[in-house]
Structures are given as structure tokens and as C-alpha cells.
There are 2 protein chains.
Amino acid sequence: MAAIIKQLFIPFSADKKLYYSLRNILGFYPTNIALYKQAFRHSSVAHEIKEGVKDSNERLEYLGDAILSAIIAHHLFTLFPFKDEGFLTKMRSKLVSRMQLNQLSVKLGLNKLIDSNLEASYNSSVNGDAFEALIGAIYLDKGYNTTYHFIRTRIIQYHIDMDAVETKETDFKSKLIEWAQKEKHEVKFVVATELGTGYQKQFVIDVVIDGEVIAKAQHYVKKKAEQYAAEQALLLITSNS
Amino acid sequence: MAAIIKQLFIPFSADKKLYYSLRNILGFYPTNIALYKQAFRHSSVAHEIKEGVKDSNERLEYLGDAILSAIIAHHLFTLFPFKDEGFLTKMRSKLVSRMQLNQLSVKLGLNKLIDSNLEASYNSSVNGDAFEALIGAIYLDKGYNTTYHFIRTRIIQYHIDMDAVETKETDFKSKLIEWAQKEKHEVKFVVATELGTGYQKQFVIDVVIDGEVIAKAQHYVKKKAEQYAAEQALLLITSNS
């Protein structure tokens, strides 16, 4: 009954389009639409709600990242009853890699819902961040079990090829350097800038090939930023060749 | 009714003692006692159930680690509505640090339930591992919400001082080096050995003070093994001074 009232009510509201887009993506109607609006709000367009705190998707991304990891951990635990924790850990980190999440986000069409001031080209991690934030929003809106069901039925079953993930290489930096040596290109990883201070400090890494910046990524851990940037560079190279 | 039958039945079984110990620790009766027995079974006493796979607590530890992280992430998200994701990430890593989990495990009395062939002194991480494995067992036995309730009411409310955690220093290696310089001791971090190969490779790090090994820890990431070992060394130094 409540659901019917909501369906009658929503088409008159300003959030109508988002509401129906989410119904298609999620398989259910959102209850607290404000959570989902926040999940798609990049910090470049967010407002300060208190000193130093914006109504952007970053807190939801933090939450969604943890929930996603837990759900994937359980899924793999069940799927591979005779594999050890080293294998499971490795599989999980491949499944939730920045690149994987960026691709999933685009497959689901989340990139069309993101509210941002950035140019998309150098910032595809915005897509993966929004995916994680969406997981955070679903979890707060509907709870753990619905989130688990969504990930299992709408993500893993449709979009994940476990065999391909299992054989996938993940040291993207080494892979890029190998490619460069083979193809006679010069590749450099450069710290373009550092954002923030103390525990908030993030490294922005440029991948420079033959003097040209072709990919960029940021992370609190420099090595991770390098991996993300190398992963993006490899995707560009693969899609152009 | 089912619960009453179970209570009448269990005292005759061989698992009686574990059953009642768990009732006291958890606040509820376990349903699948086999999960909890596995959670307390260190790999040193486990049996091979299939080639390369033991009935030890390591898979449950992997699962419990992820579930614990998700629950702590949500708890902090709610507790600190105006803190950014950098703060929340830092707080979480302090709350689920190896040292914190080892201490919690002993406070709950889990160390008395662990089945292991190891000498306890150099291997206190066995306690923290069992704590994580217990979380994995609760999750599989009772689901996410019961696990959340257990962590909130039996762990955080009783055993965690959030203010103390917030101000806690976490770079243990730097702290130990500072202490050594001040107190005129020589401190070294030595790779004692490497276990396994490929993605399963773990580093065993010794903390050597004035030529004597006083702490030991292992991890897939060398820097983390150093941090764990330094954390243990600092605890020994503090408790002896």
C-alpha cells in the first residue's frame, strides 16, 4: 500500500527521473531518495554543510567500500569452499579494483547520473567512487540483506566473469613498464601534486608516456595511486590499439 | 521451544563447556557449534580436509575481518556525522589494528578457548586472528544484524574508549625508533624468514633490540609486518617499565 502511494506521489516530484532510473538499476524503488542524490554528488559540486564537511558522496563512498568488501568476501567464501584465505583475498582485491568498479559503474549507467564539474576523461575514478557511494546509500536505505541481494543478482550474475577475474593480472605498473620496453616507449610515474596534509594527504600520480600525461590517479598511498594510474593508462592503450 | 530443547540437549554433549562459554561471551546460544570450534582452531593443530586446505580458522578470519570492517565503518559513520572519510578511515584502522584485536580477544577470554600448538609469547596475533574468526563464525551462524548487535553492545560499549582511540598514535615503528634513540638502545627490523611463495608470500619480521629478538610478526605486506612487530615490542617495553 505504502509503495503504491509512493508511486502515485513520486511522478509529480522533481526527483521523478532519478527515481525511475534507480528502479531500473536496482530492481526496487528507493525509499530515502536524498541518500541516492548524495551518492551521485561529486565534491566538485557539493556544498559545505558544516565547517570542512560537504554534502558530497565521499562519506557514502567510504561506507559503501566497506560494505562491498564484506559482501564480496562472503560471496567468495561460499563460492570457493576449498580455496585458502590468500586466494580469497587476492580475488576480492581484483573484484573491487578501481578499474573494475569504474567499468561496472559505466555498465550500470551510473555515469549519467553523476553530478560533477569535472571533465570525465582524466577522472574515470569518479565513476567507481559513485558506485561505492551507491552501495553505501542502498545499505543505509534498505539494510545489509537487500544490498547483498542487489550485488549478487544485479552485479555478480550479470557483469562478473569469475574465470576471467581469476586469471587477471593485477600489477598494472609492471605490466605498463613491460609494454613500454617492448614497444620502445618511455614511461614515467610522476607525483604531479600532493593534496591535503597529515592523514588526509593524497598523492596525485601522472603516467607520462613519451613526455605526454596520459593518465592520472590519486590515493592516500602512493603505490596505490601508481597502480590506479597505470591501470587507466593500460586501458587507454588497449582500447586504442 | 527449539531453544529450550537445545538447552536440555546440549549439557549431554561433549561441547557443553564451549557452548556455555560462548553463551557468556556472545549473549546468545550458538546454533552451529562446529563454526565456533573451527574459529578457535589454529592451523598448527588443524587437519587437511582436501589437498592444501585445512579445517583451521584462517578462512573464517578472512571473512570476519571483512565483516568487522563493514560494521565498524557503519558505526563510525553514524557516530561522527560531521567527520570526513579520511578521519573515519584512520579511526577504523586504529580500531581494527592487530594490537587492539589481540587485546580484545584476551579481554573476552578467547585465548582460553584457542586450540593451538604454539607458544603464546611470540604469537599474540593468534588471539586477534581468533577474534576475527569468531566474528566470521557469528556472521555465518546468525547473520549480519546479530553480528552488528554483538559488536555494538558487547565490544564497543564495554571495551572501546573512542576518545583514547582518536588520540592514539599508530606509527609504531617510528615510535619504537624514537624510544630507542632516547633510551640509547639499538633497534633493528630484520626479515627473519619468508613464508610461502607468490601471492601467499608472507614476511616474518623480528624486532631486535640490543641483539635480542623481542617481538615477531608476519604479514603479506612487509611494512605491515614491521608495524605489528613494533606494536608488540612497544607493549612489552611499556608493560616492563
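Modeller: Let us begin with one pair of residues: in strand 5 of chain B, Ala215(B) is the bridge partner of Val207(B). The structure is a predicted model, in which local features require pLDDT of at least 70 and side-chain atom pairs count only at pLDDT 80 or more, while totals for chains, interfaces and linings use all residues. Residues are numbered from 1 along each chain as its sequence is written, and chains are lettered from A and ligands numbered from 1 in the order in which they are written.

Two terms are needed at once. Helices (H or I, at least four residues) and strands (E, at least two) are DSSP runs, numbered from the N terminus. Two strands pair if DSSP finds at least two bridges between them. By that rule, strand 4 and strand 5 of chain B are joined by 7 bridges in the antiparallel sense. These two strands make a hairpin with 2 residues between them, and in the turn Asp210(B) has a positive phi of about 50°.

One example is Glu194(B), whose bridge partner in strand 4 of chain B is Phe203(B). As background, strands of a sheet pair through backbone hydrogen bonds, either parallel or antiparallel.

Chain A also contains an open antiparallel sheet of 3 strands in the order 3-4-5. Its edge strands are strand 3 (187–195) and strand 5 (212–219) of chain A, each pairing on one side only. From one strand to the next, the twist averages 25°. Strand 3 and strand 4 (residues 202–209) of chain A run antiparallel and are joined by 8 bridges; among the residues involved, Val191(A) has Ile205(A) in strand 4 as its bridge partner.

Chain A as a whole has 11 helices and 5 strands. Of its 241 residues, 36% count as buried. A residue is buried if 20 or more other C-beta atoms lie within 10 Å of its own, exposed if 12 or fewer, and partly exposed in between, with C-beta atoms placed from the backbone.

Helix 7 of chain A has 16 of its 18 residues buried, so this helix is largely enclosed by the rest of the structure. From its first C-alpha to its last, helix 7 of chain A reaches 26 Å, close to the 26 Å expected at 1.5 Å a residue. The expected span is 1.5 Å times one less than the number of residues. Just after this helix, Gly143(A) takes a positive phi of about 95°.

The axes of helix 6 (residues 98–108) and helix 7 (residues 125–142) of chain A come within 7 Å and cross at roughly 80°. Axes are lines fitted to C-alpha atoms, for helices over the stretch in contact, and angles run from 0 to 180 degrees between N-to-C directions. The two helices of chain A are therefore roughly perpendicular. Angles under 35 degrees count as roughly parallel, over 145 as roughly antiparallel, 65 to 115 as roughly perpendicular and the rest as oblique.

Where these helices meet, helix 6 of chain A contributes residues including Leu101(A) and Leu104(A), and helix 7 of chain A contributes residues including Ala130(A) and Phe131(A). The residues of this contact divide into 5 nonpolar, 5 polar and 2 charged. Ala, Val, Leu, Ile, Met, Phe, Trp, Tyr, Cys and Pro count as nonpolar, Asp, Glu, Lys and Arg as charged, and the others, Gly among them, as polar.

Finally, 25 residues of chain A are in contact with 25 residues of chain B. Two residues are in contact if their C-beta atoms, placed from the backbone, lie within 7 Å. On the chain A side, helix 4 (58–79) and helix 5 (85–95) each supply at least two residues. The largest share, 12 residues, comes from helix 4 of chain A. By class, the chain A side has 12 nonpolar, 6 polar and 7 charged residues. Helix 4 of chain A is mostly covered, with 20 of its 22 residues buried.
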